Amino acid sequence: MQSHPSDAVPRVPSDEELARMSTEDLVRLGNRLDDIEIVSERDRFPVPGTRAEKRAERQVAGWFILATLSGIAFLVAFIAWPWEYVAPFEEGAFWYTLYTPVIGFTFGFAVFALGMGVIAYSKKLLPEDLTIQQRHDGRSPEVDRRTAAARLVQTGQRSGLTRRKMVVRSVGAAGGVLGVGVLVAAFGGFIKNPWKEGPNSPLLVTDWHSEDGERVYLRRNTGVAEDVVLVRPGDLEPGSMETVYPFKESMRTHPEELAHVLKSPDSPVMLIRLRPNVTVIKREGQQDFNYGTLFAYSKICTHMGCPTSLYEDQTNRILCPCHQSQFLANEYAKPIFGPAARPLPQLPIAVDDQGYLYARSDFIEPVGPAFWERNS
């Protein structure tokens, strides 16, 4: 059988010869070495600077400009839009509900417009060609890498990108703004210093903390933020659980503070009344944190911060429904199953002269998941 001319292996030039070759020479050599056959090729606009080319260039640049504007809108919304929680029917609730849709749409449209710009550039401005290449396995030698790089350089030269300043500037702006947007989304939370308030920093204290010695009571959530219903020991049946929140008398005439503690992430506490015949094991240093059979634990899971909303009185287990961590209520809420590694912090409670439950102090350890500076 007679061999085809393409079956012949082309001679590989030496390093000195490669260094003397032009881009066009390297491209032709690379085509031969890679078994690439160029069936057809043509420029989109053989005559540079025509109206059709300018129109196509404006269309491509338009997508990149839209990506830039949308990226800027994302940055502005991410930083300046009202993001703190506002309860329904309160002033500002409408704008709060738009925060996630706005940043999601602006960032998503920026990515979409950038992709559309790249697609439009490849379809409207890049040269059109048809090539066929035979497949070869294994790592490419040095000469193949040199010729592949030359082919990329030639493609860039033929694409006319260097002379299309509008496209270059618009894609640069779009890529830059999107890059900044990604960095802001990833590291925006680090701008806020959680330690600027010293020992009263938000990672160390909760709304159960009293700065001026004012007593903090356990309060029910009736569904109406202005209602103040305090809890007595007899309000809970043995084997039951109720979520309670902090209340100070100074809050009574401030509806915004009454509403705030109900939505504060570290306020919810599980008040559990164990059955009388349950054996209790207490944590060292917290032997007097309970009041009789009443125990108060933070409702924030020490794994990922989900609410530990479920309590099973037959086994005395507190369950976090997110990742199935389980804690023993009769053994200082220590974890016995799942990914949580630390017990739920216990709130020290007592009863005043009128029979109402109150917190003797804030939690003695941070609530919720771990953070770098945590030592417990």
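Is Ile 336 buried, exposed or partly exposed? Ile 336 is partly exposed, at 33% relative accessible area; here buried means under 20% relative accessible area, exposed over 50%, and partly exposed in between (1.4 Å probe, protein chains only). This is a predicted model, in which local features need pLDDT of at least 70 and side-chain atom pairs count only at pLDDT 80 or more, while totals for chains, interfaces and linings use all residues. Residues are numbered from 1 along each chain as its sequence is written, and side-chain values use heavy atoms, with hydrogens and water left out.

**View 1. Ile 336 and its surroundings.** Ile 336 sits in strand E10; helices (H or I, at least four residues) and strands (E, at least two) are DSSP runs, numbered from the N terminus. Leaving aside residues up to four places away in sequence, Ile 336 touches Arg 317, Gln 326 and Leu 328, where contact means heavy atoms within 4.5 Å. As for Met 241, it is 95 residues from Ile 336 in sequence and 20 Å away in space, C-alpha to C-alpha.

**View 2. The four-stranded sheet.** E10 belongs to an open sheet of 4 strands, ordered E7-E8-E9-E10, with antiparallel pairing; two strands count as paired if DSSP finds at least two bridges between them. E7 and E10 are the edge strands, each pairing on one side only. On average, neighbouring strands here are turned by 35° against each other, direction ignored. Axes are lines fitted to C-alpha atoms, for helices over the stretch in contact, and angles run from 0 to 180 degrees between N-to-C directions. Look at E7 and E8 and you'll find 3 bridges in the antiparallel sense, with Tyr 311 partnered by Ile 318 in E8.

**View 3. Two loops with positive phi.** Most residues other than glycine have a negative phi. Gln 324 isn't a glycine, yet has a positive phi of about 70°. Find Gln 324 in the loop between strand E8 (317-319) and strand E9 (326-328), where it is partly exposed at 39% relative accessible area. Tyr 332 also has a positive value, with phi near 45°. That residue lies in the loop between E9 and strand E10 (334-337), and Tyr 332 is partly exposed too, at 23% relative accessibility.

**View 4. Thr 308, tucked into a loop.** Thr 308 is in the loop between E6 and strand E7 (310-312). How exposed or buried is Thr 308? Its relative accessible area is 0%, so Thr 308 is buried. Not counting residues up to four places away in sequence, the contacts of Thr 308 include Met 270, Ser 298, Cys 301, Ile 318, Phe 327 and Leu 344.

**View 5. The six-stranded sheet.** Here 6 strands make an open sheet, ordered E6-E5-E4-E3-E12-E11, and the pairing is antiparallel. Its edge strands are E6 (294-298) and E11 (349-351), each pairing on one side only. From one strand to the next, the twist averages 40°. Strand E3 (residues 216-219) is joined to strand E4 (residues 240-247) by 3 bridges, and Arg 219 has Tyr 245 in E4 as its bridge partner. Helix H8 (residues 255-263) lies across E3 and E4, running at about 135° to E4.

View 6. E6 is largely enclosed by the rest of the structure, because 5 of its 5 residues are buried. Both faces are covered: Leu 294, Ala 296 and Ser 298 are buried on one side, and Phe 295 and Tyr 297 on the other. Strand E5 (residues 269-273) runs antiparallel to E6, joined by 5 bridges.

**View 7. Helix H5 and the annotated stretches.** The 26 residues of helix H5 (residues 99-124) should span 38 Å at 1.5 Å a residue, and the end C-alpha atoms are 37 Å apart, which agrees; the expected span is 1.5 Å times one less than the number of residues. Buried residues in H5 include Tyr 99, Ile 103, Ala 113, Gly 117 and Tyr 121. An unreviewed UniProt entry annotates residues 60-81, 93-121 and 167-191 as "transmembrane region"; such annotations may be inferred rather than shown by experiment. Residues 93-121 are 97% helix and 0% strand, with end C-alpha atoms 43 Å apart.
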